[in-house]
Amino acid sequence: TGEMKLALYNAADAAGKLVYRGDAVNITTTQPGQNIRYTFDGQAGQSVTLYLIDLTIPGSNVFINGPDGSAIAMLGGMAPPGDVIEGRTLPAAGEYTVLVDPHGLDVGDVRLVLR
């Protein structure tokens with residue numbers, strides 16, 4: 001026996017589009033459980049670098065997922081502000097997804113730049 005407190009959040013992911021060699025995109029999460037899910041168009045053999053500037057969401061896992069959904073790059077928890085996923089060669093043409101998956105109830109900000 002015992003008791004438990006539950007909190008339900010209806011958190012839609014922060015979503016949008018990144019542009020290769022485009023402007024930085026500022027993103028803020030406001031609800032626990034809210035992921036950042038931004039897509040970009042890539043070409044087979046293209047090398048990309050993802051910059052995570054001023055990341056204030058502690059314990060985030062960061063992925064670049066291919067058009068088939070498989071991870072082609074990952075930064076495990078506690079990605080620090082100013083971290084980089086550097087020089088990943090894209091295996092196929094298509095739409096790729098950058099996923100920032102915060103740990104637990106964490107919310108905050110990040111600026112994404114794709115080069």
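**Notes on the predicted model**

1. Leaving out residues up to four places away in sequence, N35 is in contact (heavy atoms within 4.5 Å) with D13, A14, L99, V100, D101 and P102. N35 sits in the loop between β2 (25-28) and β3 (36-42); strands here are DSSP runs of E, at least two residues long, numbered from the N terminus. N35 counts as buried because its relative accessibility is 13%, and buried means under 20% relative accessible area, with exposed over 50% and partly exposed in between (1.4 Å probe, protein chains only).

2. A quick word on the ground rules. This is a predicted model, where local features need pLDDT of at least 70 and side-chain atom pairs count only at pLDDT 80 or more, while totals for chains, interfaces and linings use all residues. Residues are numbered from 1 along each chain as its sequence is written, and side-chain values use heavy atoms, with hydrogens and water left out.

3. Now the sheet. It is an open one, built from 5 strands in the order β1-β3-β8-β5-β6, with mixed pairing. β1 and β6 (71-75) are at the edges with a single partner strand each, so one side of each has no neighbour in the sheet. On average, neighbouring strands of this sheet are turned by 15 degrees against each other, direction ignored; the axes are lines fitted to C-alpha atoms, and angles run from 0 to 180 degrees between N-to-C directions.

4. Zoom in on one pair from that sheet: β5 and β8 (residues 94-101) run antiparallel and are joined by 5 bridges. To pair, two strands need at least two bridges found by DSSP. N61 has D101 of β8 as its bridge partner, and D101 also turns up among the contacts of N35.

5. What does T49 touch? Not counting residues up to four places away in sequence, T49 touches V84, I85, E86, G87, V113, L114 and R115. T49 belongs to strand β4 (residues 47-53) and is buried, at 11% relative accessible area. With G87 there is also a closer look to take: a polar atom of the T49 side chain lies 3.0 Å from the backbone nitrogen of G87.

6. Two residues to check for backbone angles. R21, not a glycine, has a positive phi of about 60 degrees; R21 is in the loop between β1 (14-17) and β2 and is exposed, at 61% relative accessible area. D54, also a residue other than glycine, has a positive phi near 55 degrees. D54 is in the loop between β4 and β5 (61-65) and is partly exposed, with a relative accessible area of 48%.

Notes. Helix = DSSP H or I, 4+ residues; strand = E, 2+ residues; numbered from the N terminus. Polar contact = N/O pair within 3.5 Å; in protein donor to acceptor, adjacent residues only side chain to side chain.
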